[in-house]
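Okay, thanks for coming, everyone. Let me put today's structure up on the screen and talk you through it.

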Amino acid sequence: MIIWGSSGKAVDAGDAGSHYCEVCKEQRSFRYMLTYKVHHIWYLLRWPTSQKYFRTCQVCNNSFDSTAPVAVSAGIDDGVKTKHPIPFFDRWGWAVGLGVLSAFVGMVMITANIEKAADAKLVADPKAGDRYIVKIEKFVGEVNGNSPLDTNYGIVRVASINGDVVVFDLPRMVWTKSSKLRSEIYQQALQNTYYEGGIQIPKSALGQLEQQGVIEDVER
Ligand SMILES: [Zn+2]
């Protein structure tokens, strides 16, 4: 669910000098005030809009339209870079948020690559008891020399290895989604009753099946 919203804010924007106040009818000291709207998505991605400056009389508190203070619009103040009146997070939250999101996406991708590399290792040297989540028609089709539709997923188990031939147990049940098998591979698929019948596949073919995504996951 996307949580989003916006709110209006007003912040002090520094000394605005001494001016005649039309309400007090006297010379008064003024401060700049900046109003803006900050929008957010999930509170983290933030960006400001509708910035407007005022000058506020320090005695009567009335505000008058103003342009941005020279120091702010020029970005300098006595040679020192002025701090922008809008808090850092309201101004740059969108960049911080994007940084966090891309770091998260990066971690997910790295994790996927590590798992892929680990699976490739297991497939190169199968051991009895290994379970694979496979696109079952394609996996079985490898034996029959054709490539039928890949509509179902199932768990197969390495029964034995005879030289370059790997014997697999085939599952009694298959599913149209592999997500259901993520828990079965640690539970039901450990039982002999989960399987019925078997096929033989050359060990040398397993690496390619893993690369093609026919073997989707491997557990030992
Ligand atoms: Zn005043």
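Before the helices, a word on geometry: axes are lines fitted to C-alpha atoms, for helices over the stretch in contact, and angles run from 0 to 180 degrees between N-to-C directions. Helices (H or I, at least four residues) and strands (E, at least two) are DSSP runs, numbered from the N terminus. This is a predicted model, so local features need pLDDT of at least 70 and side-chain atom pairs count only at pLDDT 80 or more, while totals for chains, interfaces and linings use all residues. Numbering starts from 1 along each chain as its sequence is written.

So, helix α2, residues 88-124, packs on α5 at about 160°, with the axes 8 Å apart. That makes the two roughly antiparallel (over 145 degrees). Who's touching whom? On the α2 side the contact uses D119, A120, V123 and A124, and on the α5 side L206, G207 and E210; contact here means C-beta atoms, placed from the backbone, within 7 Å.

Now α5 itself, residues 203-211: that helix lies across β8, β9, β10 and β11, at about 100° to β10.

Which brings us to the sheet. It's open, with five strands in the order β10-β9-β8-β7-β11 and antiparallel pairing; strands pair if DSSP finds at least two bridges between them. β10 and β11 are the edges, each with a single partner strand, so one side of each has no neighbour in the sheet. Strand to strand, the twist averages 30°. Between β8 and β9 there are five bridges, and V158 sits opposite F168 in β9.

Keep an eye on F168. Skipping residues up to four places away in sequence, F168 touches V156, R157, V158, A159, G198, I199 and I201. F168 is also among the residues touching the most other members of the largest nonpolar core, which has 20 residues. By nonpolar core I mean buried Ala, Val, Leu, Ile, Met, Phe, Trp, Tyr and Cys joined through C-beta atoms within 7 Å, where buried is 20 or more other C-beta atoms within 10 Å of a residue's own. β8 gives that core its largest share, four residues. There's a second, separate core of eight residues, including A16, Y32, Y53 and C57.

Last stop: A189, in the loop between α4 (181-184) and β10. Buried or exposed? Buried, because 21 other C-beta atoms lie within 10 Å. Beyond its neighbours within four places in sequence, A189 contacts R131, I155, R157, E184 and Y194.

Definitions and conventions. A residue is buried if 20 or more other C-beta atoms lie within 10 Å of its own, exposed if 12 or fewer, and partly exposed in between; C-beta atoms are placed from the backbone. Two residues are in contact if their C-beta atoms, placed from the backbone, lie within 7 Å. Angles under 35 degrees count as roughly parallel, over 145 as roughly antiparallel, 65 to 115 as roughly perpendicular and the rest as oblique.
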